[in-house]
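Biologist: Please take a close look at one part of this model, the aromatic ring pairs. Which rings pair, and where do they sit?

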Amino acid sequence: SGFNSIGHMDTMLRGRHQIGHYKEGEEFIQNVFHVLFQIFTGKEKSNLSICWLQYEISKVVQCLQTKKKKKLKAQGRKSKKLAKNFLKAPDNRNDLSLWKLYAYLEWLLGNTDDARKVFDTALCTAGTGGLKSAHLCSLSLLYAQLEVELLESTEGAVTSRAVHILTKLTENGPYVPYSGQVLPVNVLKARKTYEHALQDYLSKPLVSKENQVSDDQLVNLVGCYALFQYLTVGIDAAVLIYTQTSEKLGASGPEKCEKTGESSGIQNFPSALEAVTLLHTNLLRFHMKISVYPLNPLREALTEALKRYPSNQSLWRSYIHIQRKSHSASKARRFFDNVTRSTNSLEPWLFAIQAEQMRKKLTEKVQRGDAGEIHCTIPETGLTNRIVALFEHAVQSENGTHCPLLWRMYLNFMV
């Protein structure tokens, strides 16, 4: 069928059609999953189930972004059927990671009540591990985050469903679904429990924590505690937890790096500090959406984080998002320039180009007003030349030379 991309190539728009999942690419990926599913057993099989379900969720997210309602309905049906089949397997019935993904899928499809039932069922069957169970923490954190996103303001959030979930997590008893109120005494007890749990965790020698599970556990614990403080006390209390944890983790960071050599900068799994930073910036972004809050704390947190993790795409997306609001490009350009000089990762180049292309789009939109003639409100500042120069520098870098996406974007722009 000619020149097709397999699976995801959704970075460029082709006319009005977004490049998404092609039929052939989709068939190929499904075949790979089906074949592997016959081969694997036990833990590998459940890990594969999780990957498969995450892939299905990514397609649902894509349908939501392109606002294709018909396609979303069909995709939702297929994904739900797959998830239910996974959960029917005897090995997976108590797999909290799969329950979590299934509940998230229902939530994305707009079935909030069904998603809550799935979350509640999973929490009820999960037992009484409390803050010591990594899966339980992770499940409760996602549930609480989704509930918080429904809030229109933080007033009255103390008695919300999210606080109930985060309070129950600390009680080590069986989970009881939300009945409409949270007792103040339980909130106080929960705060103490979180405080002690985090202190215990951070006082252990961090160098011995090389296994992934304890890293995840710490991140989920910090996420739950900060979200709990955000809802019961306020944004400053939540930020304080993130900064204290980051300082503690940052202090123990260099020893780790010496052992693993230089590769520790770009790991397949985000380190605990990187994940905590991501939670921190996401909470600030959310808070700015629902209330009045200065931009500077978020900008500072992002610039600090990006100097440390120049290849983290989520952080770059947030950075570009906040830079779009300011009319002065010079600060962002200087920052991009500094980061591209100090790292080999390609992400800073790609996002620098994307930021300039957005600026160019905005300029053209303003110049081509509804009137027939062009009103030059913002003078054309040689943005085209600037973008070409960025492409040229990017493709000369070691990683850029071998990046098909970068060359495609360059060709696309020149056309």
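**Aromatic pairs**

The count comes to 17 aromatic pairs. Rings of Phe, Tyr and Trp (its six-membered ring) pair if their centres lie within 6.5 Å; planes under 30 degrees apart are stacked, over 60 edge-to-face, the rest tilted. Take tryptophan 316 and phenylalanine 351: this pair is stacked, 6.2 Å centre to centre with 15° between the planes. Tryptophan 316 sits in helix H14 (residues 313-323) and phenylalanine 351 in helix H16 (residues 347-367), so the pair ties together parts 35 residues apart in sequence. Helices are DSSP runs (H or I, at least four residues), numbered from the N terminus. Tryptophan 316 is buried, at 0% relative accessible area. Phenylalanine 351 is buried too, at 8%. Buried means under 20% relative accessible area (1.4 Å probe, protein chains only).

Next, phenylalanine 391 and phenylalanine 413 form a tilted pair: 6.0 Å centre to centre, 40° between the planes. Phenylalanine 391 belongs to helix H17 (residues 383-396) and phenylalanine 413 to helix H19 (residues 404-414), 22 residues apart. Phenylalanine 391 counts as buried at 0% relative accessibility. Phenylalanine 413 counts as buried at 19%.

Ring pairs also join Phe33, Phe37, Trp52, Tyr55 and Phe86 into a cluster. Lysine 45 lies over the face of phenylalanine 37, 4.8 Å from the ring centre. The rule for a charge over a ring: NZ of Lys or CZ of Arg within 6 Å of the ring centre and within 35 degrees of the ring normal.

The model is predicted: local features need pLDDT of at least 70, side-chain atom pairs count only at pLDDT 80 or more, and totals for chains, interfaces and linings use all residues. Residues are numbered from 1 along each chain as its sequence is written, and side-chain values use heavy atoms, with hydrogens and water left out.

Conventions
Helix = DSSP H or I, 4+ residues; strand = E, 2+ residues; numbered from the N terminus. Buried < 20%, exposed > 50% of the residue type's maximum accessible area, 1.4 Å probe, protein only.
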